[in-house]
Amino acid sequence: MKQFVVIGLGRFGSSIAKSLSEKKFDVLAIDEDENRVKQMEGTVSQAVVMDATDEKALKELGVADFDTAIVSMGETVEDSIMITLSLKEMGLRQVIVKAKSELHAKILKRVGADRIVFPEREMAERLADSLASPKIFDFIELSETHGIIEIVSPKKFIGKTLSGLKLREKYKVSVIAIKRKVPFSQPDGSTDFKEEVIIGPGGENEVISGDVIILLGANVDLEKIEKL
Amino acid sequence: MSDYEHLIELSNLYILSQEFDEALKSLKKAEKLNKLDPKLYYNMGIAYEGLNDNEHARNAFRLALKLDPTLASAREHLDRLIEE
């Protein structure tokens, strides 16, 4: 099973540690602040009060045996750089670091960080995207380059079957589900909907007006669909 | 059946056949004949919701409830759309 070490248990670090534990991964959580560590006890596999800039202590703790480290030091830019450097020197395969600024990110890359995250900015961008586009209901990031979007089916798709649309050939995206509102008549003669979800729809499925389609693909390709 | 009733019935049929744009056309014609029927705005809400135009759907359900605060189906749809 994959093992994670989370260094820095502020809002971002603690929520990552919690989410990974909920997914049944082995998580070692580290922070200098005793209270923060106490809050994680019982949630993660191991929670330790420690100064993570102390390379020797990190080694003694066996951090080198972990697959992935997530470094989320809220205030101290220098500390996150030092820790990233030590972790890479110890041979950790993947080190993900929270950055505060572009300059911070650049330095982190230089010292070997495998992935830089700007959680606040990413959240804000995602929110801005969803506000700007009424067509997009949701976006789930799978990696830096791929994601899943839930989108109102473009007018061009309506009345066509999935095989006729050739989405994989033309746009390199796959339809993983269709959410459809199926109208029905009530005993008093009025109409109502019930929502039907077609998971893994076959090529024979026709897209109808009002369908919401859930697509998987590279972000660049998904953007092309959004613009239709 | 009056022209108004005919248009409402037509909108029901369009909604059932998932032709929401057509349903809205009938409902807008019907609105010119009678602006006091909660069922008209309920159907409008359903048609807009069918098109995923949730903002217009919410407005239509609100109008339906203004005309008939006991219209439970409009309340259910509005509550759900507000939650989203």
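1. Let me start with A:Lys166, which is partly exposed, with a relative accessible area of 40%. In this predicted model, A:Lys166 sits in the loop between helix 7 (162-165) and helix 8 (167-171) of chain A. Its backbone deserves a look too: A:Lys166 has a positive phi of about 50 degrees although it is not a glycine.

2. A:Lys166 also belongs to a group. Together with A:Lys156, A:Lys160 and A:Lys170, A:Lys166 makes up a patch of positive charge on the surface. Patch members need over 30% relative accessible area and no salt bridge, and the 40% relative accessibility of A:Lys166 is the value to hold against that cut-off.

3. You will find A:Lys24 in the loop between helix 1 (11-22) and strand 2 (26-31) of chain A. A:Lys24 counts as exposed because its relative accessible area is 66%, and exposed means over 50%.

4. On the negative side, which residues gather in a patch of negative charge on the surface? They are A:Glu32, A:Asp33, A:Glu34, A:Glu41, A:Asp51, A:Asp54 and A:Glu60. One of them, A:Glu41, lies in the loop between helix 2 (34-40) and strand 3 (46-49) of chain A. A:Glu41 is partly exposed, with a relative accessible area of 48%.

5. Now to the salt bridges. How many salt bridges does the structure hold over all chains? The count is 9. Side chains of opposite charge can pair when their charged atoms come close. In chain A, one such pair is A:Asp31 with A:Arg36, where the closest N and O atoms are 3.5 Å apart.

6. B:Glu22 pairs with B:Lys25, with 3.2 Å between the closest N and O atoms. Both B:Glu22 and B:Lys25 belong to helix 2 (residues 20-33) of chain B, and they are 3 residues apart, about one turn of the helix. B:Glu22 counts as partly exposed because its relative accessibility is 28%.

7. Further along chain B, the side chains of B:Asp79 and B:Arg75 meet in a salt bridge, at 3.6 Å from N to O. Helix 5 (residues 72-83) of chain B holds both B:Asp79 and B:Arg75, which stand 4 residues apart, about one turn of the helix. B:Asp79 counts as partly exposed at 35% relative accessibility, and B:Arg75 counts as partly exposed at 39%.

8. As for the overall make-up of chain B, there are 5 helices and 0 strands. Read from the N terminus on, the elements of chain B run α-α-α-α-α. Of the 84 residues in chain B, 46% are buried.

9. Back in chain A, please trace strand 9 (residues 174-185), which runs antiparallel to strand 11 (residues 212-218) and is joined to it by 5 bridges. Within this pairing, A:Lys179 has A:Val212 of strand 11 as its bridge partner. Strand 9 of chain A also pairs with strand 10 (residues 191-199) in the antiparallel sense, over 9 bridges. There, A:Ser185 has A:Thr191 of strand 10 as its bridge partner.

10. Which residue takes a positive phi in the hairpin of strand 9 and strand 10 of chain A? That is A:Gly189, with a phi near 95 degrees, in a hairpin that has 5 residues between the strands.

11. A:Met90 is in helix 4 (residues 77-90) of chain A. With a relative accessible area of 13%, A:Met90 is buried, since buried means under 20%. A:Met90 and A:Leu58 are 32 residues apart in sequence, and their C-alpha atoms are 9.4 Å apart in space.

12. The other is A:Asn219, in helix 9 (residues 219-226) of chain A. A:Asn219 is buried, with a relative accessible area of 18%. How far apart are the C-alpha atoms of A:Asn219 and A:Ser143? They are separated by 9.5 Å, although the two residues are 76 residues apart along the chain.

Notes: Residues numbered from 1 in each chain as written. Chains lettered and ligands numbered in written order. Predicted model: local features only at pLDDT ≥ 70, side-chain atom pairs only at ≥ 80, totals over all residues. Heavy atoms only, no water. Patch = residues over 30% accessible without salt bridge, like charges linked within 9 Å, V, L, I, M, F, W, Y side chains within 5 Å. Areas by Shrake-Rupley, 256 points an atom, 1.4 Å probe, with all protein chains shown as cover. Salt bridge = Lys/Arg side-chain N within 4 Å of Asp/Glu carboxyl O. Lys, Arg positive; Asp, Glu negative; His and termini not counted. Charge placed at Lys NZ, Arg CZ, Asp CG, Glu CD. Helix = DSSP H or I, 4+ residues; strand = E, 2+ residues; numbered from the N terminus. Buried < 20%, exposed > 50% of the residue type's maximum accessible area, 1.4 Å probe, protein only. Pairing = 2+ DSSP bridges.
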